[in-house]
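Please keep the sequence and the coordinates open while reading.

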Amino acid sequence: SMHCLPGLVPALSSLLGALALLQLSLYLRVPSRYGKHEERLCRPRGRLPARCAWFVQELPSFLVPALLLALRSPPRLEPLGCRLLCCLFCWHYFYRTFIYPFFTRGRPFPLQLLFFGTLFCIYNGFLQGYYLIYCAEYPNDWCTDIRFTSGLLLFLLGMGINIHSDLLLRQLRKPGEVTYKIPQGGLFTYVSGANYFGEIVEWFGFAIATWSLPAFAFAFFTLCCIGPRAYHHHRYYLKTFTDYPKSRKALIPFVF
Ligand code: NDX
């Protein structure tokens with residue numbers, strides 16, 4: 001059966017941190033090529049409908065930790081914190097796998113990025129799940145620790161913002177439409193990347209609640225992945241819409 005191998009979690013977390021830096025260097029100047037940043041629009045080969053793509057890509061991030069949690073023998077019953085935290089992670093990816101894809105009106109997604117995205121979700125799902133189910137040790141009263149409670153609060157706040165913003169984006173299109181409009185309402189009043197802002201707050205909340213290296217590495221990865229993307233979205237809007245709200249920032253309300 002599986003054990004906590006000493007050294008594995010720090011090694012995998014460092015690699016995740018390195019991937020984050022690679023990502024930053026690749027996508028700071030040029031955006032990752034999907035959605036509004038894909039150059040050639042009429043290239044049906046090499047792309048998969050958004051629904052299938054997001055479902056396939058995100059599924060491992062739900063399945064891998066859920067299976068680790070369910071199949072561990074003997075089951076991990078103590079401390080409660082570990083199971084709760086693993087459930088939080090799975091809860092986000094339940095939404096991202098089983099709800100988000102079925103409502104998306106996004107353009108078909110490039111197969112090549114889908115491949116790397118899926119690999120990434122397997123990797124990260126394993127790292128977070130393995131750490132929480134096999135390695136993490138929390139005091140039995142972790143659920144009342146200020147790090148757990150404040151982190152949980154941030155996680156829930158971020159998730160709320162993320163889901164609400166996903167919804168606002170979806171409502172910009174009628175079914176079958178693929179054009180871009182100016183997002184309005186919610187946190188889009190203040191930033192172009194409201195969905196990304198929510199997601200980043202969410203994973204930093206998770207990192208604080210778990211107070212762990214893998215979760216901080218993932219929060220950092222998220223920041224390096226969708227932070228630049230928010231900036232590229234913002235530039236795209238300013239270039240495309242002359243009436244784009246002048247006071248709107250890229251990612252962080254009132255700041256940047
Ligand atoms: N998926 C996380 N890296 C990523 C897919 C891409 O969950 O090779 C990371 C995730 C992957 C990435 C994933 C990992 C790294 C990869 C990268 C590709 C390259 C990169 C593999 C796995 C890589 C190395 C080198 C390290 C290996 O037509 P459309 O699609 O544009 O429509 C959009 C629509 N929309 C609008 N509609 C009308 N008017 C407008 N103005 C509109 N603006 C947008 O809304 C979409 O249908 C929808 C959302 O679009 P957008 O662009 O705002 O968000 P999107 O980037 O598609 O993300 C969707 C959600 C969002 O809530 C976000 O927070 C979350 O997923 N997300 C996304 C990426 C990563 C991530 C979370 C995370 O790191 N936690």
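This is a predicted model: local features need pLDDT of at least 70, side-chain atom pairs count only at pLDDT 80 or more; totals for chains, interfaces and linings use all residues.

**Ligand site**

- In the side chain of Tyr34, an N or O atom is 2.6 Å from an oxygen atom of the ligand, so this pair falls inside the 3.5 Å limit for a polar contact.
- Arg173 likewise has a side-chain N or O atom at 3.0 Å from an oxygen atom of the ligand, while for Glu199 a polar side-chain atom is found 2.9 Å from a ligand oxygen atom.
- On its own the ligand has 1,300 Å² of accessible area, and the protein covers 94% of that area.
- Two or more residues of the shell around the ligand are given by each of helix H1 (8-27), H2, H3, helix H4 (111-135), helix H5 (146-170), helix H6 (194-210) and helix H7 (213-240), and it is H7 that gives the most, with 6 residues.
- There are 36 residues around the ligand, of which Gln23, Tyr34, Tyr180, Lys181 and Tyr196 come nearest.

**Buried positions**

- Ala53 belongs to helix H2, which spans residues 50-71, and Ala53 counts as buried because its relative accessibility is 1%, where the limit for buried is under 20%.
- Once its neighbours within four places in sequence are set aside, Ala53 is in contact with Leu48, Phe109 and Leu114.
- Ala53 and Pro108 are separated by 55 residues in sequence, yet their C-alpha atoms are 7.8 Å apart in space.
- Glu38 sits in the loop between H1 and strand S1 (47-48), and with a relative accessible area of 7% Glu38 is also buried.

**Nonpolar surface patch**

- Trp91, Phe94, Ile99, Phe102, Phe103 and Leu156 together make a nonpolar surface patch of about 580 Å².
- Helix H3 (residues 80-103) supplies the largest share of this nonpolar patch, namely 5 residues.
- Phe94, which lies in helix H3, has a relative accessible area of 37% and is therefore partly exposed, since that class runs between the 20% limit for buried and the 50% limit for exposed.

Notes
Residues are numbered from 1 along each chain as its sequence is written. Side-chain values use heavy atoms; hydrogens and water are left out. Helices (H or I, at least four residues) and strands (E, at least two) are DSSP runs, numbered from the N terminus. Buried means under 20% relative accessible area, exposed over 50%, partly exposed in between (1.4 Å probe, protein chains only). Contact means heavy atoms within 4.5 Å. Patches are made of residues with over 30% relative accessible area and no salt bridge: like charges are joined within 9 Å, nonpolar side chains (Val, Leu, Ile, Met, Phe, Trp, Tyr) within 5 Å. Accessible areas come from the Shrake-Rupley method with a 1.4 Å probe; for residues, only the protein chains shown count as cover. A salt bridge is a side-chain nitrogen of Lys or Arg within 4 Å of a carboxyl oxygen of Asp or Glu. A residue is near a molecule or strand if one of its heavy atoms lies within 4 Å of it. A polar contact is a pair of N or O atoms within 3.5 Å; within protein, one must be able to donate a hydrogen and the other to accept it, and residues adjacent in sequence count only if both atoms are side-chain atoms.
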